[in-house]
Amino acid sequence: GAVIRRDLKPANLFVTDDGHVKVLDFGIARLLDAGVDTLKTATGVAIGTVTYMAPEQAAGQRDQVDGRTDLFAVGAILFRLLSGRRVHEGRNGGELLMKAASEQAPALLSVAPHVPALVAAVTDRALSFDKHQRYPDARAMRAALAQAVGSRGIASAAPARSVDSAA
């Protein structure tokens with residue numbers, strides 16, 4: 001089955017010497033088998049790191065959490081890397097959780113006008129409040145990001161590689 005990570009954040013990403021990105025710490029990942037939870041969590045409990053949390057996850061809508069929830073987290077990581085700030089700002093975890101559950105992310109170009117427009121567009125789509133407006137899967141997001149980066153002649157530090165799970 002598929003794995004929904006639910007806690008993607010920079011601290012859980014590792015780049016190997018050959019340029020592969022590994023996802024570490026699967027402590028709260030949920031396995032899916034034909035759409036059925038095999039690892040249960042308490043109903044309505046938001047689990048994950050608030051800074052990178054999708055609206056449906058922050059709102060505790062467990063039945064709405066799917067692979068697009070992880071794509072929001074990837075978008076939030078890109079937003080932080082490209083802008084130097086979090087998607088939402090707040091004084092404490094509770095305030096951040098409320099904003100994550102109720103406020104659309106700001107457009108990346110509104111806080112980081114130096115970012116190439118196509119890269120910002122990929123990031124913004126990943127951060128869509130409505131999960132149905134996000135990329136359908138990681139492969140589609142990766143292709144869009146590769147096209148955005150390639151169209152600007154932006155060189156990456158390492159060749160494009162698939163993002164896979166640490167064994």
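Predicted model: local features only at pLDDT ≥ 70, side-chain atom pairs only at ≥ 80, totals over all residues.
The axes themselves are lines fitted to C-alpha atoms, for helices over the stretch in contact, and the angles run from 0 to 180 degrees between N-to-C directions.

Residues are numbered from 1 along each chain as its sequence is written, and side-chain values use heavy atoms, with hydrogens and water left out.

Let me start with the chain as a whole. It has six helices and six strands, where helices (H or I, at least four residues) and strands (E, at least two) are DSSP runs, numbered from the N terminus. Read from the N terminus on, the elements run β-β-β-β-β-α-α-α-α-α-α-β. Of the 167 residues in the chain, 36% are buried, and by buried I mean under 20% relative accessible area, with exposed meaning over 50% and partly exposed in between (1.4 Å probe, protein chains only). The chain exposes about 9,100 Å², of which carbon and sulfur atoms supply 56%; accessible areas come from the Shrake-Rupley method with a 1.4 Å probe, and for residues only the protein chains shown count as cover. If we take the contacts in the chain with a separation of 6 or more, residues 24 or more positions apart account for 58% of them, a contact being heavy atoms within 4.5 Å.

How do helix α2 (residues 67-83) and helix α5 (residues 117-126) cross? Their axes come within 7 Å and cross at roughly 140°, and α2 and α5 are therefore oblique to each other. In this pair α2 passes α5 in a left-handed crossing, a term that applies if the near helix is turned anticlockwise from the far one by less than a right angle, with right-handed used if clockwise. On the α2 side, L71, F72, G75, L78, F79 and L82 meet V119, T123 and A126 in α5. By class, this contact of α2 with α5 has seven nonpolar, two polar and no charged residues, where Ala, Val, Leu, Ile, Met, Phe, Trp, Tyr, Cys and Pro count as nonpolar, Asp, Glu, Lys and Arg as charged, and the others, Gly among them, as polar.

The next pair is α5 with helix α6 (residues 138-151), whose axes come within 8 Å and cross at roughly 160°. These two helices are therefore roughly antiparallel to each other, and α5 passes α6 in a left-handed crossing. L118, V119, V122 and A126 of α5 make the contact with M141, A144, L145, A148, V149 and S151 of α6; by class, the contact of α5 with α6 has nine nonpolar, one polar and no charged residues.

Let me finish with some individual residues. A76 lies in helix α2 and is buried, with a relative accessible area of 2%. Which residues does A76 touch, not counting residues up to four places away in sequence? They are T51, Y52, V87 and L127. A76 and T123 are 47 residues apart in sequence, yet 7.8 Å apart in space, C-alpha to C-alpha.

M53 lies in the loop between β5 (36-37) and α1 (55-58), and M53 is buried, with a relative accessible area of 3%. Its C-alpha atom and that of L97, 44 residues apart along the chain, are separated by 8.2 Å.

In helix α6 we find R142, which is partly exposed, with a relative accessible area of 39%. The C-alpha atoms of R142 and V122, 20 residues apart along the chain, are separated by 9.3 Å. Finally, Q61 sits in the loop between α1 and α2 and, at 38% relative accessibility, counts as partly exposed.

Key:
Parallel < 35°, antiparallel > 145°, perpendicular 65-115°, else oblique.
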